[in-house]
Every structure is written in C-alpha cells, then in structure tokens.
Amino acid sequence: MKHGIHFFHRSVLPTAIQDFTAVIKEDPSNAQARLYRGRAYAKQQQYRNAIQDLAAAVHLDPSCWLAFYYRGCILRQIDPKKAVQDFSVSVLINDTQENFCSFLHRGIVYSEQCQWSLAICDFESVLALDRSVIFAYLNIGLILLLHLDQCYEAIRQFTNAIEIDPLNVRAYVCRAQAYHKIHNLPNAVKDINRAIHLYPNKSQLCILRGQYLMELKKDELASLCIHQLAEMDEESFMSQPVQQALIQSFCQNHNKAIECLHEAAATQPEPSMFVILGKIQMKAKKTKDAVRSFKKAMKLLMTSAKILRNTFETAEMYYLTGLCYMEQKSLLRAHDAFSMAIRLHSSYPDAFYQRGLCRMQLRQATCIRDFNQALALCPSHFQAYMSRAAYYGSKGRYSKAILNCNEAIKILPSSARAYFYRGTLKYQNKTFKAAIEDLSKTIDLNKTCILAYYSRAVCYHQIKDFKKALKDYGILLLLELSKEIAFKVLINRGLLYVELGDYTNACEDFKEATLLSPYDSQVFQAIGICYHRLNEFEEAVRSFDQALKLDPVSVDAYVGRGNSYMENGHEAGCKQAQKDFLRAIHLNPKCIKARICLGYNFKALGKLQRAWSQFTVAICIDSKCHAAYDGRASVCLQMGETFAAFQDINAALKLTTTAPLLTNRGVISQLMGYLPCAMKDYQQAISVDPNYALAYFNAANIYFHNRQFSQAYCYYSKVLQIDPRNESAVMNRAITNALLNNIEEAKEDFEKAICLCPFSAAVYFNRANFYYGLKQYELAEKDISTALSIQPNDALMYKFRADILGKLGFYKEAVEDYKQAISIQEQIDSM
C-alpha cells in the first residue's frame with residue numbers, strides 16, 4: 001500500500017494502479033486502496049473505473065469524505081444533481097478547512113444551475129474556512145455583478161481579492177467591468193490599465209480600454225489604444241483575421257484590412273467573411289467592390305435550387321447592397337435591393353426606412369408608408385421620425401412635422417439636429433419665440449452650430465429683438481463661415497441696421513459683402529440707398545453707377561440714382577434725375593415708383609401740369625396707390641386747386657391711414673380756413689404715430705394762432721423731444737416763452753435757434769423783438785443789425801431798427817433807416 005501511495009504522489013499512475021489492485025485482491029474490503037485507485041483512474045481520465053472504485057470506497061467506509069468529494073468532482077458535468085449530493089455528504093462528514101474544496105465545487109454547480117443564493121452561501125463558507133481563496137471572492141463578485149445587479153457589493157468582493165493577491169489580472173478586469181456598469185469610467189480605465197501593466201500583450205484588454213476611453217469621450221486616447229492593438233504581434237490575435245481586419249479598419253487602414261480579408265476568404269470562402277469584407281469596402285468608399293462582395297456572399301448562401309433562405313443574414317446583404325446603390329445615386333436599384341431585403345425579412349425596420357428615403361428622393365408619396373412601417377416595427381427609430389418630419393415639412397404641414405420632431409427628441413434628448421430642425425419648422429410656422437427656444441437648445445448642445453446661430457438671428461429679427469439678432473450675427477462672423485453664409489450674414493445684418501436707421505453700419509456691412517460677391521448689383525444698390533439716407537449724395541450716385549454697370553436694365557437703380565441727383569438741390573441735378581426717371585419708365589412703363597419720382601421732379605422744376613400728369617398716370621396704373629394721390633394733392637395745392645388737393649388726400653386716406661397723410665390733409669384744411677378740422681387731423685396723426693414730429697408742430701402752430709400759448713409750448717416741446725435739431729420748433733417755442741413771460745427759457749431757446757441756424761435773419765429778427773419788449777434796446781439793435789447783414793433788402797427790418805435807434809436816442813441814424821425802408825418799399829411797389 002505504501003509502495004502504491006509513493007508512486008501515486010510521484011504521478012507514476014500505472015505502477016500505482018497495479019499496487020492498489022494487488023492490495024484489493026488480497027483485501028477486497030480495503031476502502032483506502034479503492035479510494036486511491038479511483039483517484040488514479042480519474043487522473044488517467046478512466047472515469048467509469050474511477051466512479052466504480054469511489055463507490056466501493058463509500059460502500060466500504062461511509063465516513064470517507066474524500067471518496068464523496070472526488071466522486072462529486074467526476075459527476076459534476078455529467079450528473080450535477082448527484083454531484084451536489086456527494087459534495088453535501090462530504091461537507092456533512094467534514095466541514096473543516098481541510099474540506100473547503102467541497103463547498104467550492106458545490107458552489108460552482110449551484111452557479112451553473114443559476115441557484116445564485118445557494119452558490120453565494122457556499123463561496124462564503126469557503127471564505128469562512130480560508131480567507132485567502134481568491135476564486136471564491138471572484139465568483140461571489142461575478143454573481144452579484146452579472147445576475148443580482150449589486151454592483152457596489154461586487155466591487156467590494158473584487159477589491160478583497162485584489163488585497164489578497166495584487167497581481168491577479170482577472171480581479172482587476174472584473175472590477176473594471178463593475179465600475180463600467182455603474183458609469184464610473186475613470187476607475188474602470190485605471191483597473192484596465194493595471195491589468196494591461198501585468199499582461200501587456202493581451203489584445204482583449206486593449207480592446208476594453210479603447211471602449212472605455214471612447215465612452216469617456218477621450219477619442220484621441222481611444223484611437224491610440226486601437227492603433228497599438230493593430231501593431232500587436234500576439235499569436236492569438238494574429239490568428240483571427242476578421243478581428244485583425246476590423247482593428248485595421250478602425251485605424252482607417254482600409255486597404256490593409258481588405259487585403260487581410262481577401263487572404264482569409266481565399267482559404268475560407270464563407271458568406272460571413274465576404275459580408276465583413278463588403279462592409280469594410282463600404283467604409284473605404286469602394287461601393288462597387290462592396291456590391292461584388294455581397295453578391296459572392298449571396299451566391300454561397302444559395303441552395304441547389306438557386307433560392308435564398310428567408311433569414312435576416314440574407315436580408316442584410318440586400319440591405320447593404322441597397323446602401324451601396326444609394327451612395328452611387330442609383331436610386332431605382334437601391335429601391336429594388338431594399339424591397340428584396342423586406343421580402344426576405346418582413347420585420348426589418350432599417351430596410352423600410354431606407355426604402356422610404358429612396359422613395360422620398362424619387363418624389364414618391366408612398367415613402368410615408370415605409371417610414372410608418374419602420375416605426376411600427378421599431379418605435380424608437382430616431383431617423384424614421386426625423387425623415388417623416390422632413391417629408392411633412394416639405395409639404396408645408398409644419399404642425400405634423402413638429403410632432404414627429406417631438407417624438408425624435410423623446411428618443412434622443414441630446415440631439416442637436418432634432419432641436420435645430422424643430423426650430424426651423426417653428427420658424428416656418430411663424431411661432432418665432434418657440435423657434436428661438438429650440439435653436440438656443442441646439443446651440444447649448446453644439447456651440448459651433450453655424451446654421452442654428454443664423455436661424456436664431458433671423459427669428460430675433462422677425463420679433464424685432466434687434467440687439468440679440470445683432471449679437472448672433474456678430475458671433476457668426478467670428479466663426480469660420482463659408483463664403484456663401486458669410487455673404488448672407490452680412491446682407492441680413494445690413495438690412496437690420498437699415499431697419500434701425502443705422503445707415504453707417506449698414507453701409508459698412510454691404511461694402512464688406514461686395515468683397516465676397518463683387519458682381520451683385522443689388523448690394524451696390526443697397527449701398528447707394530444707405531449713402532442717400534446719410535445725405536452723402538455723390539457717394540450714392542457712384543454706388544448706383546456701379547449697380548447699373550453690373551445690371552444696365554435695373555429700374556430700381558435708375559430710380560435710386562435719380563433721387564440722389566434730386567437731393568443735390570440744383571437745377572442740373574434735377575435734369576439729370578429726370579433722365580434717370582425717364583429711363584426707368586422706358587424700361588418699365590408701369591413702374592409706379594419711377595412715375596411718382598418723375599412727378600416730384602417736374603414739381604421741383606415748376607412744371608406743375610406735367611407733374612400732375614405723371615401722378616395721374618400712376619393712379620391709372622394702380623388706383624390703390626396712395627403715394628400717387630398724395631403727390632397729386634401736393635401739386636394741386638401748389639397750383640391753387642385746394643379743393644382738388646383735398647379730394648386727392650381723402651382718396652389716399654381711404655386706402656391707408658398714416659400720420660403724414662393725415663398731417664397733409666390737416667395742412668390743406670388749414671389753408672382752406674377749417675382750423676378745427678385741421679386740428680382734428682393733426683391729433684389723429686399723433687394717435688397713429690406718436691413720434692411724428694410734424695403733426696405736433698402744425699398742431700402747436702394752430703394753438704399759437706389761437707393764442708393758446710401753454711398748449712403751443714407743450715406741443716413745441718414734444719417736437720423737440722422727437723427732433724432736438726428742429727430749428728423752427730426751437731424758434732417758435734422761444735417766441736411762445738416770450739409771450740408766456742418765461743424770460744430765461746425764451747433766452748435759452750433763442751440761443752439754441754442761433755446755434756442751429758447761425759445765418760437765419762428771422763431768428764435774429766425775432767430775438768431783437770424779444771429784447772425790444774424787455775427794453776434791452778442795445779441787445780435788440782445788435783440782433784437787428786445782424787439780421788440786416790444777412791438779409792439787407794428788408795424794409796420792415798430797417799423800420800424796426802429805426803424804432804430801436806430812436807429809443808436809444810440816435811435820431812439821425814434812425815432817420816436814415818426810415819429813409820432806407822421807404823426807398824426799398826417804393827422799389828418793391830414800382831415793380
């Protein structure tokens with residue numbers, strides 16, 4: 001017996017078996033010999049003989065816990081239930097540290113039978129007997145992690161294993177996976193790094209690290225990790241051509257990946273190999289080669305009857321072929337391929353979706369059915385909702401399109417694209433504030449989304465929030481824009497400045513736009529309009545000249561240049577303007593704007609009948625053109641036809657109610673002597689536009705005429721709030737203050753009037769009157785002398801100065817002035 005045990009421990013098993021057999025022959029009831037021979041048979045994988053001997057040992061010695069343990073180990077795979085019984089008897093006989101392996105193996109069997117709580121109890125029993133058994137910690141941790149979703153407790157178990165053996169790679173990997181599950185990615189990466197440090201050539205560990213780094217958004221580190229993996233020479237990795245090809249493809253080494261798969265397919269032509277090859281060829285933009293690969297895969301899958309099986313794998317090949325045809329813009333072929341994929345696998349949402357896209361590009365209304373079917377099969381299909389939104393948006397059904405965007409956002413709440421498209425749909429639906437909210441969310445998700453900033457600026461412009469619109473346009477111009485978008489931004493911002501009345505900045509934006517598009521006549525025309533508004537008429541003419549060089553038949557450019565010539569104020573300019581207006585009418589005889597401008601041109605030249613004719617023609621062309629009625633009214637008024645002017649201004653007011661038209665009617669009523677009617681019109685003009693200064697001024701003049709000086713003072717003050725440089729209002733308020741005995745205020749207003757019009761004889765004359773009333777004759781004489789130096793042939797002024805000189809005691813000088821006044825008056829009377 002001792003001889004056999006010696007050879008058993010030295011693993012000389014045949015000799016040991018012979019010795020134990022000899023012992024059994026001499027003593028058939030020797031349980032120990034049966035136990036050892038059974039163990040020797042088990043080591044030689046003679047399991048049937050081993051089980052017979054171990055059963056005999058148990059029969060001969062029912063308290064032999066080792067026999068139960070070893071028989072349980074052999075039965076673990078073939079009869080788990082019997083194995084559990086043997087392990088249970090073994091631990092019943094001996095539950096000390098000596099027999100912890102029975103607990104361990106029973107725990108493994110329970111794990112295989114998914115009896116997790118029983119398995120954990122057994123592994124904990126092992127640890128109670130021996131705290132250094134790492135395998136038990138790992139098994140408890142894996143059960144908690146993978147099956148009971150107790151990640152934090154699993155981490156604690158893996159940590160215990162690492163404390164016992166800091167070099168255990170499996171413990172680090174398991175703990176990394178547990179950290180990953182609770183989204184503690186930094187610690188997961190740390191544990192994988194430790195595992196790689198211990199086993200630097202394990203490709204699977206590098207793949208895991210790459211995955212975790214990708215999830216941490218550390219794309220550069222993840223890419224470096226995959227590149228390192230591609231350079232590995234690990235035998236197990238190199239022996240897997242598919243995995244090697246996928247890694248090379250990730251590293252953008254598509255040609256290397258394709259070469260690798262070609263070699264593998266030559267020795268092992270399997271359909272799956274050609275499918276992977278086709279996918280990599282698609283990544284490499286070699287769609288024609290990819291189609292050939294998919295066709296080879298289909299050929300290998302065909303049965304003897306040349307029929308493809310209705311499986312997802314075959315359907316996917318047609319689906320991928322369809323994607324290749326889509327890339328090649330072969331929409332009909334793509335449509336057929338997707339239809340075939342659907343025929344082979346009727347519950348293929350992506351195939352329905354892609355066929356829907358094909359049909360949408362082919363302008364087939366049936367595309368919506370495919371999108372609906374895709375969503376019926378996969379309610380979380382983000383792209384299908386977005387495409388359906390695009391379809392409804394293209395049909396002008398914005399509300400329905402927005403509802404689809406809402407569903408897409410529920411699926412991907414952080415999709416900048418979904419928020420952007422919903423914002424543009426809301427813009428189209430005229431709900432600008434709601435559109436701004438979505439576009440702002442888009443910008444929060446993607447700070448450099450150029451189109452979101454542009455669209456939001458347009459929305460702010462629409463709701464008249466000019467400050468925010470300008471801010472967005474400014475941000476856009478700081479980003480890297482394409483030439484086309486930069487041009488649009490400058491034009492839009494220029495138009496916004498025009499709307500704000502800031503023609504200087506508008507002009508600068510339009511000038512910059514001309515650098516991006518030097519042959520756009522409309523931009524030069526816009527520059528001309530800005531210069532016109534800035535009273536820089538020569539520059540305006542030059543800009544309109546450039547516009548006409550680029551577009552010699554531009555009616556608007558001729559009209560704009562004509563208006564700029566008109567503003568020069570001299571007869572030559574008026575005649576040049578007349579030529580431009582006539583050219584515009586020659587190009588477009590129905591151009592009302594040109595006819596109205598020509599009418600005002602004739603009026604300025606004193607050709608009132610011709611002016612009247614042009615306004616009348618404009619009215620004949622468009623009987624609802626209020627500007628033509630207004631122009632003809634002004635001509636009639638100048639011709640002394642007050643009633644005709646009144647009729648025309650009434651016709652204009654029937655078409656539209658504006659403050660200028662009401663004010664003009666008030667002026668006509670005033671000239672006709674109907675002051676209450678005139679006042680009513682001025683008050684209505686003020687209610688229509690509270691910032692229309694002329695209405696206040698004319699109303700103030702009526703109050704002044706009626707000696708209602710307090711009311712006149714208030715209205716003149718209102719004019720000056722709106723237009724502080726209105727010299728007539730300043731002078732009239734000064735006179736009003738003088739009549740109200742507001743001496744200091746009157747002095748201030750006269751001073752302001754002189755600052756505004758230093759060469760106006762009327763201002764000095766009125767201040768001289770003011771000082772005369774205050775008996776400040778020296779100041780009065782100084783002002784009237786200044787007035788005479790500006791307007792020397794005024795009899796009334798000489799007479800007034802003579803009165804002042806008389807008050808000062810300068811009788812001789814006074815007589816001279818009286819004589820001069822008489823002389824001037826006689827000359828006037830004799831003319």
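Modeller: Contact means heavy atoms within 4.5 Å. This is a predicted model, where local features need pLDDT of at least 70, side-chain atom pairs count only at pLDDT 80 or more, and totals for chains, interfaces and linings use all residues. Residues are numbered from 1 along each chain as its sequence is written, and side-chain values use heavy atoms, with hydrogens and water left out.

Colleague: Why is Thr-736 called buried?

Modeller: Buried means under 20% relative accessible area (over 50% is exposed, in between partly exposed; 1.4 Å probe, protein chains only). Thr-736 has 0%, so Thr-736 is buried.

Colleague: And what makes Ala-171 count as buried?

Modeller: Ala-171 also comes out at 0% relative accessibility, so buried again. Ala-171 lies in helix α11 (residues 169-181) and touches Leu-138, Phe-158, Ala-161 and Ile-162, leaving aside neighbours within four places in sequence.

Colleague: Why are α18 and α20 described as roughly parallel?

Modeller: Helix α18 (residues 271-283) and helix α20 (residues 312-327) pack at about 20°, axes 11 Å apart. Angles under 35 degrees count as roughly parallel, over 145 as roughly antiparallel, 65 to 115 as roughly perpendicular and the rest as oblique. α18 and α20 are therefore roughly parallel to each other.

Colleague: Which residues make the contact?

Modeller: On α18, Pro-271, Val-275, Lys-279 and Met-282; on α20, Glu-316, Met-317, Leu-320, Leu-323 and Cys-324.

How values were computed. Axes fitted to C-alpha atoms, helices over the stretch in contact; angles between N-to-C directions. Helix = DSSP H or I, 4+ residues; strand = E, 2+ residues; numbered from the N terminus.
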